[in-house]
Each structure stands twice: as C-alpha cells, then as structure tokens.
Amino acid sequence: MTAAAQVLGLDRASDHLAVRWLGIDIGGTTTDVVAIASDGEVLASGQAATRPGAGLVPGTLEAIAALDVELDALVGVGIGVPGQVDRETGTVRLAVNLGLGAAPVPLAREVKDVLGARVVLENDVRAAALGAHRVLAPEAEVLVFVGLGTGVAAGVVIDGRPHRGAHGLAGEIGHVVIDPDGEPCGCGAQGCLETVISGSAVRRRWGVEVAAAGHALAVAAAAGDTRAQGILDDVVAHLDLMVQWLAHTYGADVIVLGGGLGRLGDPLLVPLRHRLRERAGRSDVAARVVGPERVWCAPAEIPLGAVGAAAVADAPIRPIEGVAIRLARGPEGRDGLPASIKT
Ligand SMILES: [Zn+2]
C-alpha cells in the first residue's frame, strides 16, 4: 500500500472492488496515477517518470500499467496536464516542460483508443484545485489552489466546479506584472509574479543550482544565511500580496499552496500567517476575508492533482476526515499527528 493510498483511506482489503476511474497527473518530472472505485475509495496509487515529447502517451500508458489493476470496469479517465489544454478536442500543446510545441497532441484520443473509456483532459493546476476541494475542503464555496513550481498558476473551484473563465485562462496569475521594471519573464513581459515567487525564480535569485530550491533555501535561512533569509522574506511578502488578491478577487474561503515551493510548509506558512494575522488586527476589511488559518500548504503525500483529475472525469472522491482542522493549526498544534497530514 502506498502512503497516498493510506492517507486517502485505503484501510481495508478491497480487491473485490473494481476500478471505475483513473486520475492521472502528468508533471514535468513524474506522473501520478490513482485508481478509484465506484464508492470513491482509492484502490491504488502510483508514480512513474514522465516521458517528454513523443514519449508522452506511451509513458502515460506505462504509468497506468504499473498500477497493476484490472481495468475491465473502467468508465472514465481524467488527465491533468500542463500547457494549453483543449477540452473539446482532447488535445494539449505548448507545454515546455513536457517537450510539447505548437502542434496539438491528441492525448485523450490516444489513451481512449487503448483503454476504451471516456478520457477528459484538464489543466494540471485546475485539476489539483479540484482535488484539494474534494479531499481537503468539500464544504468550501470558493477554493483557490496555487501551484508554486517552475511557474506560478492558480486553479479556482467555485461551488464545487472548476472555474475556467471566458478564455480558459482564469487563475493564470503567474504572468500578472507586479514590477514593470523587474526581471524579464519567459512570456515576453517584465516583472511577472513568477519572476519573484516560483521555484525557478528562487533558484535564479539565489544563484544556487539545486533541485529542491525552496527547501534548500529554507534550510540555509534557518542556518543563519542572511541572503537566503532575505530571498525567503521577499517570497513571503509577495505571497502575502498574492493571497490578498486571490482572497478579494475570488472571495476565497480556502487558499491552498501547492507545487514544490508551496509544499515547503512552515518556513512559508508561519511568516505568511503572521503577516495576515497582523493586518487583520489592524484592518476591518482584512479581518473579514480569508483567515490565516484557512491558508494551507498542500500535504505532500496526497496526490491532489491525480485525485482531482479523476474528479474531472466525475469520480466521487472521499474527503479526509478532520483534515481541515489539522491544516489550520500552526506547528505548535500539530504534535502527535501523523506526518502525512503535518504541513
Ligand atoms: Zn510572464
């Protein structure tokens, strides 16, 4: 049993239950897959290396095969994928990290041809937002999930449904210009939000080439590296602004920070909540929007993207009992909780 299946409630022998849905989250380096039963139980979960370019479809099928589950009763497959997703045609294009250029890749059709079930695509961050809603806060009227990875993007769930906006770009906050004189961005503009608070921005500003830049930065800051601390402080200051925009613009009652940087947990969350709390103490308006205890870091062990992708294909998803209370706590209130739900 994988850690994710454990956290999501795979707590009894369930070989007799058939897989009805698959949820797949194709990331830049890894692909997460979950198998869901008709009652929403997570029957299996797994992870495989993503194969870019022409390897995308075969790599996705290999990740599914590695789950080693019967798919005879499969009714739906949801796939969360970065890049420009066309839900109507089931194609994806312009995903730099996946080696996809301008030509649309018919991902949905090719997977459907092999599995014989309905396949739907969704933008990866939007799928993760839906996963966060179903698993962490199904009661939330408006949930915003922010993927802080190589880039920055938000997925918005309103009344339980993904909000895509008129052009399908709702939540693409990474390219909002916050400093017109700032660093050049890959999109062609200057000073976009993701030139400040993404994992790649941290790496560039710090000048240290490490895989998990956010984690390394937090470790260095905690060890007394003042330059690392300065960059971390600046990231938190901009996250604070971002949380305010999202809270006011969407009327969010829960904001979840995910992606490599967002999963950092306390080094981000403690100072961020401190800023939010301080402002709420001074401003009646700030006190009425999303509370500091409703800003969470995504639990690293739960494949929210894959679970959310299954939900995009209409799979019922079970929430984790009591998780909101735990995520709301600061580090001092989490003693004795399983590591999987500590943020
Ligand atoms: Zn940009």
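Me: What kind of contact do the side chains of E62 and R51 make?

Reply: Start with the general idea: side chains of opposite charge can pair when their charged atoms come close. In this structure, E62 and R51 meet through their side chains in a salt bridge, at 2.5 Å from N to O. The term stands for a side-chain nitrogen of Lys or Arg within 4 Å of a carboxyl oxygen of Asp or Glu. Keep in mind that this is a predicted model, where local features need pLDDT of at least 70 and side-chain atom pairs count only at pLDDT 80 or more, while totals for chains, interfaces and linings use all residues. Residues are numbered from 1 along each chain as its sequence is written, and side-chain values use heavy atoms, with hydrogens and water left out.

Me: How many salt bridges does the rule give?

Reply: The count comes to 11. One of them joins the side chains of D39 and R318, at 3.0 Å from N to O. D39 is in the loop between strand 2 (30-36) and strand 3 (42-49), whereas R318 is in the loop between helix 12 (304-312) and helix 13 (323-328), 279 residues apart. Both ends are partly exposed, D39 at 32% and R318 at 31%.

Me: Which residue meets E139 in a salt bridge?

Reply: That is R294, with 3.3 Å from N to O. E139 lies in the loop between helix 4 and strand 8 (142-148) and R294 in the loop between helix 11 (284-288) and strand 12 (295-297), so the pair ties together parts that are 155 residues apart in sequence. R294 is partly exposed, at 22% relative accessibility.

Me: How many residues of helix 4 are buried?

Reply: Of its 13 residues, 12 are buried, so helix 4 is largely enclosed by the rest of the structure. Among the buried ones are R126, A129, H133 and L136. Helix 4 (residues 124-136) reaches 17 Å from its first C-alpha to its last, close to the 18 Å expected; the expected span is 1.5 Å times one less than the number of residues.

Me: Now the metal. Which residues coordinate the zinc ion?

Reply: Look for donors, meaning N, O and S atoms within 2.8 Å of the metal (3.2 Å for Na, K and Ca); water is not among the atoms, so sites may look incomplete. Here H175 (ND1), C185 (SG), C187 (SG) and C192 (SG) coordinate the zinc ion at 2.0 to 2.3 Å. In sequence, their spacing is H-x9-C-x1-C-x4-C. H175 and C185 both lie in the loop between strand 10 (161-163) and helix 5 (194-197), so the pair ties together parts that are 10 residues apart in sequence. H175 is partly exposed, at 35% relative accessibility, whereas C185 is buried, at 11%.

Me: Why is the arrangement around the zinc ion tetrahedral?

Reply: Because its 4 donor atoms subtend angles of 103 to 123°, and four donors count as tetrahedral if all angles lie between 85 and 135 degrees. For reference, the ideal angle for four tetrahedral donors is 109.5 degrees.

How values were computed. Four donors count as tetrahedral if all angles lie between 85 and 135 degrees; four count as square planar and six as octahedral if opposite donors are over 155 degrees apart and all others between 65 and 115; anything else is irregular. Helices (H or I, at least four residues) and strands (E, at least two) are DSSP runs, numbered from the N terminus. Buried means under 20% relative accessible area, exposed over 50%, partly exposed in between (1.4 Å probe, protein chains only).
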